[in-house]
Structure formats: C-alpha cells, structure tokens
Amino acid sequence: MTPPEPIAITGMGAISAIGEDVVSNFRSLEQSRHGIGRITRLDTFHHDRLMAGEIGLSDKALYERLAIADHEAYTRSTLLALVAAKEALDMAGFDRHDGYRTGLISATTVGGMDATERYYDDYLSSAEHRHFIPTHPCGYGAEQMARYFGVNDFVTTISTACSSAANAIMLGGRMIRAGLLDRAIVGGADCLSKFTINGFNSLMIYSATHCRPFDGSRDGLNLGEAAAYLVLETAGLAARRPQKPLAYLSGYGNANDAFHQTASSDNGEGAYLAMKSALQVAALHPADIDYINAHGTATPNNDLTEGHALLRIYGSKDALPAFSSTKAFTGHTLAAAGAIEAVFSILALQHQVVFPNLNFSQPIASLDILPQTQLKHQQIDHVLSNSFGFGGNCTALLFSKAHD
Amino acid sequence: MTKPIYIHGSGSISIQPTHEPGYRFEAVKAYAQNPVPACDPDYKSLIPALQLRRMNKSMRMAIFASRLALQEAGKETVDAVITGTGLGCLSDSERFVETVLANEHELLNPTPFIQSTHNMAAAAIALSLGCKGYNMTYVNNASAFASALLDAGIYLAEHPDHTVLLGGVDELGARTPRFWELAGYLKHDNPVIPTPLAASSSPGEIAAEGASFFVASQQPTSQTLGKVIAGDTCYETADAVAFVNRFLRRYGLAAGDIDAVVLGYNGDIRYDAVYSTVGSTLFAALPHIGFKHIFGEYDTVAGAALHLALRLLGQQDIPQQLLLNGIRPRSLRRILIYTQRRGTNHGLILVEKEG
Amino acid sequence: MSELTQELKAKIITQLNLEDLTVDDLDDNTPLFGDGLGLDSIDALELIVMLDKGYGIKLADPKEGRKVFETIQTMADFIEANRK
C-alpha cells in the first residue's frame, strides 16, 4: 500500500509550565527541567497541598503581551491559545490573504470555566464582570481566535477530554486530505481551574507529590496548563515557500475503548485500536517507529493499560522502541496535551533526541517495561504520540521527519 | 461537504412530542415560559436501569434519540459515533462548580465532575452499543451539529462501507439560564411557544433543549429517509445572501431547484432580519418553513431542523403551524435549511428525498 | 448491627441513584461489585465519600475500598470497627 501524500507541518507554537515558546520548552526538556510546583496563581484550597504545572504569566500580563484591551473578556485558556497560535502562524509565515482556504480547529475542555467559577455568584449580584458570561462555552475561545487572526473559512472546536487536541490535529489532517481545506491551524489549550483540580482530586488520581509516569509506585497525576498549535498545509502548498516543513503528520487514528466512563479496559483495547489505525493510515509498521511519546499520565490505570496496549502492538517488551511520558515536565494539560506533545514529538524529530521520562525508578511489575529516563540522541524518523481521554476516547498521531 | 450521505433513521427529543411514533408536527405543544425543558419520554423503556441511574439529561436524551434512529434504520449498532453539543452536560457542570465553591476543603462526590465532560453523551452511546470505532464531539456553539455532519461526510468518504450515528444534544441548566438572562439572550416579553415571528417580534430567544440523532451511510436502502447533499458553515458574514448564493452555485443549483426553505427565525427581533432578507431575496416564491418557534433555541437545534425536514419529505406536506408565508409547495423533494444564532455561526444543510 | 446495615442500604440507594431498588431488595451478603449489584469504580469513590461524610472514616487509598465494599455486611463491620 502506498501512503497518501503526507501533511506538511509548517509552524508550531507552545506555551507551558516549562516555557513560553517552543525554544524554551525545548531547552527545559533538554535539561530535564520540569515545571511542577505548588499552586501559586490559582486561588484554591489545595494550593499548598497539590502540585501543578503553572505558567508564570498572569492573565494581565497575557492581555498586555497580546495587546488586548482591559475591558474585553478573554479567559485564560484563550489567552494561552492566542500566544501559542501566534507563534505557530509567525513561524509558518504564509500570507493570510492568499486566497487559500484556512481553517481553525481548536480544542479545550476547560473553556471559560475559570471565569465561570470565579464569578458564579458575583454575576448575579454585580454587573462588574458580566461581560465574561459569554466566554463560558468551550466554542467561544476559538471564535475569539478566529476574529483575532482573521480566519473565517472554517472554525470548529473539539472537546473529547484529554484527547481533544490530538483529535483537532487529526481533523485538520483529514480535512486537508479530503480537499476541504488547504491549510489548518490546529491545537488546543486548557488553563488550570478549581474545577479540574478538584475534579481529578475527587477521583483520587491526583498525586500529592511529583507524578511518576510508568513507575511501579505511581499514584496519580499533576495537572498543568498549556496551549500548543500547529500549522498544517498540503505538501504542495508548503513546497511553494523557501523553508522546508518542520515535519509531516503522517498518520492518525481514533477509537473508543467502550469499556467504562473513566477507566480503561485491562488490555487497553481503545489505545491499541487507535495506534493500529494510525500506523495503517501512515502505511508504517510498528518497527518503523523510533520514539513513542506516551500518554503516561501516571495514574495507576492509564499507565498499566497503555503499557499493555504497547505490548500488544509490539508483541514483546524487547521490540518496544524508546518511549517516555513528558507529563512529569508539564503536568497533564488535558485538552492541550495532544498538541503540546505533538510539538515535543516534532522537536524530537528535528533534534533527533528522545526526551526523558522523569521520576521513574522501578517498572510496573506486571509489565516490566522501561521508559527512557535520560536524554538520548538517536536516529528518529517516526514518532508516535498517544492521547487518551475519559469516555474511552483514544487517539494516536504519527509524525515523520522532513527529509532534505 | 464530500459526497451525499443517506439517512436511514432519525430520532429526536425536543419540547414537542417528536419522540412519539408517527408524530407529524400537526399538534404543536404550547408553552408560556422561558426556558422550556424537553418532553421526557419513558427513558426506562429503552435504557437499562443500571445505566440510566448515572445518566444526566444530555446522556439520556442522546441515547434515547439514537435508539429511535437505530430502530427506524433497523440497525443494532454502527461503526462510528459523531456528536455535537454547544454546552455539554450543563447541569452536572453547574453541580460540580457549586460543590467546589461550597466545599473545596472536603472530599467531593466525583460523579458530577465525570459527567460534566463534554464527550459524555458520545461516550455513553459508544458504551451502550459496544462501538469501538471513531468517536468525536464538537462543541463549537451553534455550529456544533454542522461540524458533526461535516465529519460524518468525511468519515464516510474514508470508509465507504461504514455506517455512522451522528447527532446533536444540548440540555438546560439551572443557574446558566439566569446568566443568559443577565447577558440579554432571553426573551422577557411574552415568551411563548409557538413564538410569534415577524411583525410582533421582541428581543430575546426562548431557550430550550433536545437531542436529534441520525443513522447515515453512503448507500441508499429501502429504509432511506433522505440524503444530505451538502452542508456549509461560516462563522461570520456581512452578506448572508452571498453566503447562500455561493453555496448554491458550488452545487450547481439555482434557487428554483429548491422546493422549500427552512429558516431559523426564533422571534429575536435583533437577529431575525437576516432570514427575511435571504427568504425574500433568494426564495420569494418558495414555502418558508419555521422550526425554532416550535423547538425553541439551543446550539444544536439544527439537528431538530434536519429531523423535521426528513419527516416533511416523508409526509409530503407542510403542517399549517410551520408554514410562515402561506406558499404551498409544488412538490417536496429538496429542502434547504438555513440557520444562525445571534448573528454568528451561519449554517446551511441541503437535504433531498431519495428515489 | 442490622440497624446499621439497613441505614447503609438506604444511603447507598440514594447516593448511587439505585432508584428501582428498595432496602428489602438488598441482601447483606450480596457482592456490591461485579456480578452482584454491578457497581463500578466510580461508585466505589462515591462510597468513600459516604464513609467520610456519614461516619468520619477516611480511606486514603481507593484500593482499600475493594475489601471494605465487598458487601453491605463487610461495610457495616468496617464502620463498626473504625468509627469514632
């Protein structure tokens, strides 16, 4: 089977707890510098009990950086999204008025919940913050982004829990391949909120300390906040510009575990099906993959079932390529995770390096698989990136190196 | 859109008794309130009690409407589930915010948090059908259903022998409608269903809820209710007539090739004018059909419009309460749906009778 | 003891929305999870909240719950042994 023409990635942008742009994210990954600490920005009871990957910039600082007037209502997820998407667009450097159909496909789960939880009672008694009422729906941020960047050909928002941004990237690729768009700005953003911190804490999967992906003693995740966006283009369109693409989106797959609302099935069926289908779309074999950026949330359930799914794909632990979860750096950034990890996957291809899985000391007994714990330079042509969410939503993306 | 998709089953829950077998839109339920909750069917008749106990209204409505669609199509299951929802599981979101604000220092009940996730309806359908295939949820406000429809078209082009379940669902909350009221979205002045349109309009919409689901594939069968030829969306437009015209041209159609237009008038004097402009400029000689005056307004109400259009194609008749301009159709083969909300998220769906 | 099991049954029915069941339908020794009543991991978390709020007993590790919540009887025994 001949693979279809790959989708060119011509721009990327990222902001997370380990950096306010792509370069600083890379430096942190390279130097094993994580961004997890006590919660200082968000007003929560748990600020000194739980740890999270917070971004150091206040909303006010983000308004200033983006030249947004004080009286306008932008919630934090959207502010972060604008920073990351702007970096991606500047890098891609295409003319926005060249007549090609450009879509914006964004992802979020928090949406404007940070404003809603802040003003929930205040809205009723005071008019001061009521201009934030329209920001609540998850789709509002993408509409603000569309206006900010002047994109009107196609605008949508995906919300499938922790696989949201991976699904946004996948839709961008599928729409380009279906001939419906020439170009797509794809990614996701989620800020920290009391809602999500308390939510994961109520599920008793929020670690009291640093999360330990794939470790035998792991006891839950740390949340983080982030935004990341890619610019996808048809390979033909990308070829008209002097710079070569950063990488290619070569495969994608989504499947549903159809097992339980929150827990994954014991053998990781959904994850397995998603990875299989991504490989199929890319016409690649498991052995072609050089690095896997795992979902690896460090919850007991996810890492065990993702490990099982990986072993099913590879047949044995000896056949597994280098893999790591980067969530100990950034925290689990929910709807943004698939996009921030797409950026990390592309960085891995560009710099030919596997990023370490921090805080690992002993393998999960029943799996006995070892993530890459040190930065490792090696040949990398293809990277698989996993993102799995509540509701059994499992997505795998495949990124491939841009050759000269 | 890609290729036409054939709809073999359609199920709908709304503030009208659309879930009742053989409902023909002749008797329309009247309300004098805002917001208006959907008519509850007997959920237990189609959903096992152990599953039902932890389903919020979005999940119940979505599962029930999708079961109706599957029954009509004579299908047990599908290969993919693609949904849209503007606000997701609003009541559980409210419940969890309220719990966090009141008792952050205590152990919290996790169920409302889990159930607040926007993809819970699509997930519940997959779980109840054992469907391990592609599963997606769009949340882009009043275009959420349109995105689901577009994705269904792409998915079926990629998998020509598959069948998908696609749909939209939105539920009302308790606190959120009060916020909408403060934001000026809701109608105060004589909020009634059926909502008076045109001359007697006032500002504001009547908020409602509902779910509409469809079984679709690329192959017509003897069950086929109709086919969706195309759909299109545009976030903002200064010229809706040009938007509709571009769409018709793209599919090689003239206004005269359409038999009736379904227009999204909701009685909000601030935003309804665009329907009169499109209706009178492009489709003056055609029957104009309303739907939001009987369904109310919510983000995925376009799904209810598609359900209505398919039923009208089947019954070949437009009940009096739905006809806005008194023009009777010559025949009913091709219906164009045009809707927007508060001046944004313009959407078109072109549906045709098969055979 | 049987007063406590009756009380637990009523609380479980309300907390877990088992609206089709009455206290009389629940047997002290029916397994709550798996093939018994069919509860799952989310219900287990709800029962942990119930232990905390109703009886002041904290379970830090959800894994502990598996043994405690085996049946109404095991729950009652655990509460009797641990409540202050």
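This is a predicted model: local features need pLDDT of at least 70, side-chain atom pairs count only at pLDDT 80 or more; totals for chains, interfaces and linings use all residues.
In chain C, 30% of the 84 residues count as buried.

## Chain C

Chain C has four helices and zero strands. Along the sequence the pattern reads α-α-α-α. How does the radius of gyration of chain C agree with that of a compact globule? A compact globule of 84 residues would have a radius near 12 Å, and chain C has 12 Å, so the two agree. The C-alpha trace of chain C spans about 30 × 25 × 20 Å along its principal axes.

Contacts tell how the chain folds back on itself. Take the contacts in chain C between residues at least 6 apart in sequence: 54% of them join residues at least 24 apart.

UniProt, in an unreviewed entry, gives residues 2–83 of chain C the annotation "domain: Carrier". Over residues 2–83, chain C is 57% helix and 0% strand. The end C-alpha atoms of this stretch are 16 Å apart.

## A helix in chain C: α2

Helix α2 of chain C runs over residues 41–55, which makes 15 residues. From its first C-alpha to its last, helix α2 of chain C reaches 21 Å. That is close to the 21 Å expected at 1.5 Å a residue.

Which residues of α2(C) are buried? They are Ile42(C), Asp43(C), Ala44(C), Leu45(C), Leu47(C), Ile48(C), Met50(C) and Leu51(C). What covers the buried residues of α2(C)? The cover includes α1 (2–15) and α3 (62–68) of chain C, together with α4 (111–115) of chain B. After α2(C) comes Gly56(C), with a positive phi near 65°.

## Where chain C touches chain B

The contact takes eleven residues from chain C and nine residues from chain B. On the side of chain C that touches chain B, five residues are nonpolar, two are polar and four are charged.

## Chain B

Chain B holds eleven helices and ten strands. Its radius of gyration is 19 Å, close to the 20 Å that the globule rule gives for 355 residues, so chain B is as compact as a globular protein of that length.

Now look at strand β3 of chain B, residues 135–138. Both of its faces are covered. Asn135(B) and Thr137(B) lie on one side, Met136(B) and Tyr138(B) on the other, and all are buried. In a regular strand, side chains alternate between the two faces of the sheet.

Strand β2 of chain B (residues 80–84) pairs with β3(B) in the parallel sense, over four bridges. Ile82(B) stands opposite Met136(B) in β3(B).

## Where chain A touches chain B

This contact takes 49 residues from chain A and 48 residues from chain B. Several elements of chain A each supply at least two residues of the side that touches chain B, among them α4 (113–119), α6 (140–149), β5 (154–158) and β9 (247–256). Which element gives the largest share of that side? The answer is α8(A), with five residues. By class, the side of chain A that touches chain B has 22 nonpolar, 21 polar and six charged residues.

## Chain A

UniProt also lists a domain here, again in an unreviewed entry: "domain: Ketosynthase family 3 (KS3)" for residues 4–401 of chain A. Over residues 4–401, chain A is 32% helix and 21% strand. The end C-alpha atoms of that stretch are 16 Å apart.

One sheet of chain A is open and has three strands, in the order β2-β3-β7, with mixed pairing. Why is one side of β2 (36–38) and of β7 (223–224) left without a neighbour in the sheet? These strands of chain A stand at the edges, each with a single partner strand, so one side of each has no neighbour in the sheet. Strand β3 of chain A (residues 51–53) pairs with β7(A) in the parallel sense over two bridges. Gly53(A) has Gly224(A) in β7(A) as its bridge partner.

Terms used: Residues are numbered from 1 along each chain as its sequence is written. Chains are lettered from A and ligands numbered from 1 in the order in which they are written. The radius of gyration is taken over C-alpha atoms; the globule rule is 2.2 Å times the number of residues to the power 0.38. A residue is buried if 20 or more other C-beta atoms lie within 10 Å of its own, exposed if 12 or fewer, and partly exposed in between; C-beta atoms are placed from the backbone. Two residues are in contact if their C-beta atoms, placed from the backbone, lie within 7 Å. The expected span of a helix is 1.5 Å times one less than its number of residues. UniProt positions are given in the numbering used here, feature names are shortened, and annotations may be inferred rather than shown by experiment. Ala, Val, Leu, Ile, Met, Phe, Trp, Tyr, Cys and Pro count as nonpolar, Asp, Glu, Lys and Arg as charged, and the others, Gly among them, as polar. Two strands pair if DSSP finds at least two bridges between them.
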